[in-house]
Amino acid sequence: QVQLVESGGGLVQAGGSLRLSCAASTSIFSLVTMGWYRQAPGKQREWVTYITSSGSANYAGSVKGRFTISRDNAKKTVTLQMNGLKPEDTAVYYCNTWPHNWAWGQGTQVTVSS
């Protein structure tokens, strides 16, 4: 079973930045599209962004222009650079394939204060 380990979350003021990282324990990492998702308190988990095996990315409208996804296939990691954070970005962030197909990791908490 693939294990996903997210890290890099924290508490930041509005307008600040965070860099999230996700490590995947699978030999097929370079072949799959990877995504970031988030779940805010009381809300359903939602898709944030994904990056294909060739490096093409797509973003949800709410984060476009502020977040950047990247991947390192050699290290089997996917990174989410988050700039211009807003209080509404507060959520637990998860990585997974897109669409999600693996068991969810523990996620990493991002809290943005106003």
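What relative accessibility does K76 have? K76 comes out at 30%, so it counts as partly exposed; here buried means under 20% relative accessible area, exposed over 50%, and partly exposed in between, using a 1.4 Å probe and protein chains only. Everything shown below belongs to a predicted model, in which local features need pLDDT of at least 70 and side-chain atom pairs count only at pLDDT 80 or more, while totals for chains, interfaces and linings use all residues. Residues are numbered from 1 along each chain as its sequence is written, and side-chain values use heavy atoms, with hydrogens and water left out.

**View A. The β7–β8 hairpin and its turn.** Strands β7 and β8 form a hairpin with 4 residues between them. Strands (E, at least two residues) and helices (H or I, at least four) are DSSP runs, numbered from the N terminus. K76 is found in the loop between the two strands, and its phi is near 55°, a positive value in a residue other than glycine. Most residues other than glycine have a negative phi. Look for I69, which stands opposite L80 in β8.

**View B. Strand β8 and its other partner.** β8 also pairs with β3, in the antiparallel sense and over 6 bridges. Within this pairing, S21 has T79 of β8 as its bridge partner. β8 is mostly covered, with 5 of its 6 residues buried. As you follow a strand like this one, keep in mind that in a regular strand the side chains alternate between the two faces of the sheet.

**View C. The nonpolar core around V78.** The largest nonpolar core has 29 residues, and W36, V78, M82 and Y93 have the most contacts inside it. Such a core is a set of buried Ala, Val, Leu, Ile, Met, Phe, Trp, Tyr and Cys residues joined through side-chain atoms within 4.5 Å. The elements giving two or more residues to this core are β3, β4 (34–39), β5, β7 (67–72), β8 (77–82), β9 and β10. Of these, β3 gives the most, with 4 residues. Leaving out residues up to four places away in sequence, V78 touches a set of residues including L20, C22, F29, M34, W36, I51, I69 and C95; contact here means heavy atoms within 4.5 Å.

**View D. The disulfide between C22 and C95.** The structure holds 1 disulfide, a term for a pair of cysteine sulfur atoms within 2.5 Å. The sulfur atoms of C22 and C95 are 1.8 Å apart. The torsion about their S-S bond is about 45°, so the disulfide is right-handed. C22 lies in strand β3 (residues 18–24) and C95 in strand β9 (residues 91–97), so the pair ties together parts that are 73 residues apart in sequence. Both cysteines, C22 and C95, are buried.

**View E. W98 between two aromatic partners.** Rings of Phe, Tyr and Trp (its six-membered ring) pair if their centres lie within 6.5 Å; planes under 30 degrees apart count as stacked, over 60 as edge-to-face and the rest as tilted. By this rule the structure has 5 aromatic pairs. The rings of W47 and W98 have centres 6.3 Å apart and planes at 45°, so this pair is tilted. W47 sits in strand β5 (residues 46–51) and W98 in the loop between β9 and β10 (108–113), so parts that are 51 residues apart in sequence are tied together. Y50 and W98 form a stacked pair, 4.0 Å centre to centre with 25° between the planes. This pair too links distant parts of the chain, with Y50 in β5 and W98 in the loop, 48 residues apart. Y50 is buried, with a relative accessible area of 15%, whereas W98 is partly exposed at 36% and W47 is partly exposed at 27%.

**View F. Aromatic cluster and charges over rings.** Ring pairs link Y37, Y94 and W104 into a cluster. The charged end of R45 sits over the ring of Y94, 4.4 Å from its centre; this requires NZ of Lys or CZ of Arg to be within 6 Å of the ring centre and within 35 degrees of the ring normal. Likewise, the charged end of R71 sits over the ring of F29, 4.7 Å from its centre.

Key
Pairing = 2+ DSSP bridges.
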